[in-house]
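Here is a short report on a sheet, a helix packed on it and a pocket. Please look at the sequence and the model first.

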Amino acid sequence: MERTFAIIKPDAVAAGHSGAILQRIETAGFAVVAMRLTRLSKSDAEGFYAVHRERPFFDALTTFMSSGPAVVLALSAPEAISKWRTLMGATDPANADEGTMRRDFGTSIDRNATHGSDAPETAAFELSYFFRGLELV
Ligand code: CMP
């Protein structure tokens, strides 16, 4: 079993897609290890996306991610990291395969409905950024 970190982003929560996305997560065979509805501050978002701080979209990204409530999740499954990324689809919804989260619920590369860790080290950082150890047993 592997764990990954996921976010249902503010655009998808505001559009009322949280329930549909959670249903797809469970139908796909993930176990939800931890889950919380939260609102990131701008500095929470800046810390979370620190790897992107030199990118031109950093300010817009962190402003958007702190613009409203989001659902943060710890998910477990065999090969959870790649499995969740496949289920999400390409970063830009316009390039995402049919049936993926971003294709069905995202509206642009900036408002792409979901986030997922891209590697084991990132998953470890991102899980510990949002969840205490006791929440992940
Ligand atoms: P996410 O998987 O959350 O990781 C970083 C986010 O930055 C990404 O989803 C996109 O929503 C956003 N973003 C905006 N522009 C770009 C870009 N050109 N390349 C990658 N990510 C981008």
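## Strand pairing

In this predicted model, arginine 3 stands opposite serine 76 of strand S3. The two strands involved are S1, residues 2-8, and S3, residues 70-77. They run antiparallel, and seven bridges join them.

## The sheet

S1 and S3 belong to an open sheet of four strands. The order is S2-S3-S1-S4, and the pairing is antiparallel. The edges are S2 (31-38) and S4 (114-116). Each edge strand pairs on one side only. On average, neighbouring strands are turned by 20 degrees against each other, direction ignored.

## A helix across the strands

Which strands does helix H5 lie across? Helix H5, residues 80-88, lies across S1, S3 and S4. Its direction makes an angle of about 30 degrees with S1.

## The largest pocket

The largest pocket has a volume of about 560 Å³. Its lining counts 23 residues. Closest to the centre are Tyr49, His52, Phe57, Thr91 and His115.

H7 supplies the largest share, three residues.

Definitions and conventions
Residues are numbered from 1 along each chain as its sequence is written. This is a predicted model: local features need pLDDT of at least 70, side-chain atom pairs count only at pLDDT 80 or more; totals for chains, interfaces and linings use all residues. Side-chain values use heavy atoms; hydrogens and water are left out. Two strands pair if DSSP finds at least two bridges between them. Axes are lines fitted to C-alpha atoms, for helices over the stretch in contact, and angles run from 0 to 180 degrees between N-to-C directions. Contact means heavy atoms within 4.5 Å. On a 1 Å grid over the protein atoms alone, a cavity is a set of points where a 1.4 Å probe fits but cannot get out, and a pocket is an open set with protein on both sides within 12 Å along at least five of seven lines; lining residues have an atom within 4 Å of a point. Grid points are joined across faces, edges and corners, and a volume is the space filled by probe spheres set on the points.
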